[in-house]
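Here is a short tour of one protein model, covering its pockets, salt bridges and nonpolar cores. Have the structure open as you read.

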Amino acid sequence: NVVSTQTNFIDLEPEESEIVTFDSIFLNRDGRHELRVFTDLAADSFRINDTSKVTIFAKKTYDLKIQRIIRPTENQLFALDDAFRPFVNFRNDGLKDDDSTYFYAMIVNQMGDTVYTDTVIRATNFFSSGQVLFKEYDSNEVGDFTFYTRTFIEEDQVRENDTMSSRFKVVTSKDLQLLEIVIPESAIVASNDTLYPEVRIRNNGLSEAVNAPVSMVITDLNANVIWSDTLAVNLTSFTTGLFTSEKPLVFSKLDDYFVDIHNNWSDEYEYTADDTLSIKVVVRFEKDLGIVAHQRPFDGDTLELEELVVPRFQAINIGLDTLDNVAVEITFEDQQGATQLIDTVQLGFLGPQMVYNFIGNESWNAQEGLFTYTTKVLSSDDNEENNGLETSFEVVVRKDLAVNAILFPTMDTSLLTGRMHQPVVRLSNQGI
C-alpha cells in the first residue's frame with residue numbers, strides 16, 4: 001500500500017547535480033517499508049538510471065492490544081447461576097512502558113441491554129504480555145450474550161487491535177424445547193392411510209433428558225379426543241431429535257382437528273412457551289367443489305312477470321387442490337318439467353378453501369308459475385354429494401289492474417245528442 005507520495009520539479013544544467021529535500025513523511029504503521037525515488041523526463045534517453053530505492057523499518061512507540069479472550073470463549077456455555085470471571089490476554093507491543101493502561105469489559109444481552117460492566121487499571125511493560133481478570137458475572141439470566149473488551153492508552157498508534165468480543169450462552173441444566181410438529185401436517189387429504197405422529201424436540205439444557213414424558217392429544221371440533229399418546233424422550237445435552245409415536249392415526253372423516261403437544265417433564269427448570277405446540281389440522285378431499293347457494297333467484301324468491309333474470313350462484317372450493325376449468329350447468333324448469341333456461345358456466349382458477357360468486361351467461365324473461373332452479377357440477381371430483389343444488393321460485397303478476405266490462409253504454413247502444421251520459425265500467429286488481 002502507498003502511504004505517501006510527493007512530486008518536486010527542478011532545473012539542472014548539463015553535468016549539474018543538486019540535493020532535493022522532500023516534505024516530512026509520517027509513518028503510521030510499523031514494519032518494513034520501501035522508499036522509491038524516480039525521475040520522469042519526457043525525452044530521457046537512458047531510463048535505466050531513473051529509479052532508486054531503499055528499505056526502511058518503522059517501529060511503533062505506543063501500542064496496547066488485546067490478544068485473546070480466555071473466558072468467555074466464542075459459543076461457550078454456562079449454567080444458570082454459575083458465576084464466572086471474564087479474563088483476557090493482552091500485549092504491550094510498543095516501545096514504552098505505561099503505568100495506567102485501562103481495560104474495559106462489558107456484557108450485552110440479546111435485547112441489546114448492558115447487564116455487566118467492569119474497568120481495570122494496571123501498569124504494562126513494553127514488549128510484554130499479561131492477563132486481566134475482571135470481576136465476577138453472576139449468570140442469573142438465561143439467553144444469548146456478547147462479551148466486549150477494550151484496552152486504552154491515550155497515545156496508542158494502532159486502535160484497531162484494542163478491542164475484541166465473543167458470544168456465549170447461559171442455559172438451564174434441564175430444558176426441553178418442543179420445536180415442530182412434523183406429522184400430521186396442517187392440511188391432509190381424507191383417506192384410510194395410517195399416520196404415525198412425529199414431533200421434533202431439542203434438549204437445550206446442560207443435563208441429559210431421560211424418559212421425559214411428552215403428551216400428544218388430538219381432538220375434533222366438538223372437543224372429543226380421537227387420539228392420544230405419551231412419548232418417552234431421551235436426549236443428550238444440546239441435541240435435537242425426531243420422536244415418532246408407535247400408535248397409528250387415521251384421518252378418514254372430513255373435519256377440523258386440533259393437535260396439542262405438552263412437555264410434562266417434572267425436572268423441567270421452568271415451563272415456557274417452548275413447552276407447548278399446537279396446530280389445526282384440516283381434513284378435506286383433494287378435489288371438492290360444492291355449490292353453496294343460489295343468489296338470483298334465491299330459494300323461495302318471488303319474481304315479477306316478464307322480469308329479466310340472469311342466474312347467480314355461489315360455490316366454494318372445499319378441497320385442498322386448486323381447481324381450473326370446472327363446468328357448472330344451470331337450468332330453470334316449470335312444474336311440467338319443461339326447460340325454460342339452460343346454460344353452462346365455465347369456472348376458471350379456483351384456489352383451495354375459497355368462496356366464489358358466479359353469474360350465468362344467459363338471461364330469461366320470467367313467465368308466470370312455479371319453477372325449479374338447478375345447478376350441477378359437470379366435472380368430476382372426489383365428493384359428489386355437494387355437486388348440485390335445487391331450489392324453487394315463483395313468478396307472479398305483482399301489479400295488474402284489469403278492465404272487466406263496460407256496463408254503460410253497452411255495445412251498439414244509441415244515445416241522444418244534446419244530453420249528458422255517464423259511462424260505467426267494472427275494474428279488478430288481478431295482481432297480488
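Which element gives the most to the lining of the second largest pocket? That's β10, with three residues.

## Ground rules

You're looking at a predicted model, where local features need pLDDT of at least 70 and side-chain atom pairs count only at pLDDT 80 or more, while totals for chains, interfaces and linings use all residues. Residues are numbered from 1 along each chain as its sequence is written, and side-chain values use heavy atoms, with hydrogens and water left out.

## The pockets

A pocket here is an open set of points on a 1 Å grid over the protein atoms alone, where a 1.4 Å probe fits and protein lies on both sides within 12 Å along at least five of seven lines; lining residues have an atom within 4 Å of a point. Points are joined across faces, edges and corners, and the volume is the space filled by probe spheres set on them. Strands are DSSP runs of E, at least two residues long, numbered from the N terminus.

The largest pocket holds about 1,300 Å³ of space. It's lined by 32 residues, and Q6, F22, R36, V37 and F38 sit closest to its centre. Strand β1 (residues 31-38) gives the most to this lining, with six residues. Sorted by class, the lining has 14 nonpolar, 10 polar and eight charged residues. (Nonpolar covers Ala, Val, Leu, Ile, Met, Phe, Trp, Tyr, Cys and Pro; charged covers Asp, Glu, Lys and Arg; the others, Gly among them, are polar.)

The second largest pocket comes in at about 290 Å³. Its lining counts 20 residues, with V142, G143, D175, Q177 and N204 closest to the centre. Two elements give two or more residues to that lining: β9 (143-152) and β10 (163-171). By class, the lining splits into six nonpolar, seven polar and seven charged residues.

## Salt bridges

Count a salt bridge whenever a side-chain nitrogen of Lys or Arg is within 4 Å of a carboxyl oxygen of Asp or Glu, and you get 14 of them. One network of salt bridges links K60, D63, K65, R91 and D93. Within it, D63 pairs with K60 at 2.3 Å between the closest N and O atoms, and D93 pairs with R91 at 2.8 Å.

How buried are these side chains? Buried means under 20% relative accessible area, exposed means over 50%, and partly exposed is in between (1.4 Å probe, protein chains only). D63 counts as buried because its relative accessibility is 0%, and K60 is buried too, at 10%. D93 also falls in the buried class, at 15%.

Then there's R296 with E307, which meet at 2.7 Å, N to O. This pair links distant parts of the chain, 11 residues apart: R296 is in strand β21 (residues 289-296), and E307 is in the loop between β22 (301-304) and β23 (308-309). R296 is partly exposed at 22%, as is E307 at 24%.

## Nonpolar cores

A nonpolar core is a set of buried Ala, Val, Leu, Ile, Met, Phe, Trp, Tyr and Cys residues joined through side-chain atoms within 4.5 Å. The largest has 26 residues, and L176, I201, V233, F251 and I261 make the most contacts inside it. Elements giving two or more residues to this core include β11 (176-183), β14 (198-203) and β16 (225-235). β15 gives the most, with five residues.

Take a look at I201: leaving aside neighbours within four places in sequence, its contacts (heavy atoms within 4.5 Å) include L176, L178, V214, V233 and F243. Apart from this core lies another, of 23 residues, among them L289, L323, L341 and F358.

Note on methods
Helices (H or I, at least four residues) and strands (E, at least two) are DSSP runs, numbered from the N terminus.
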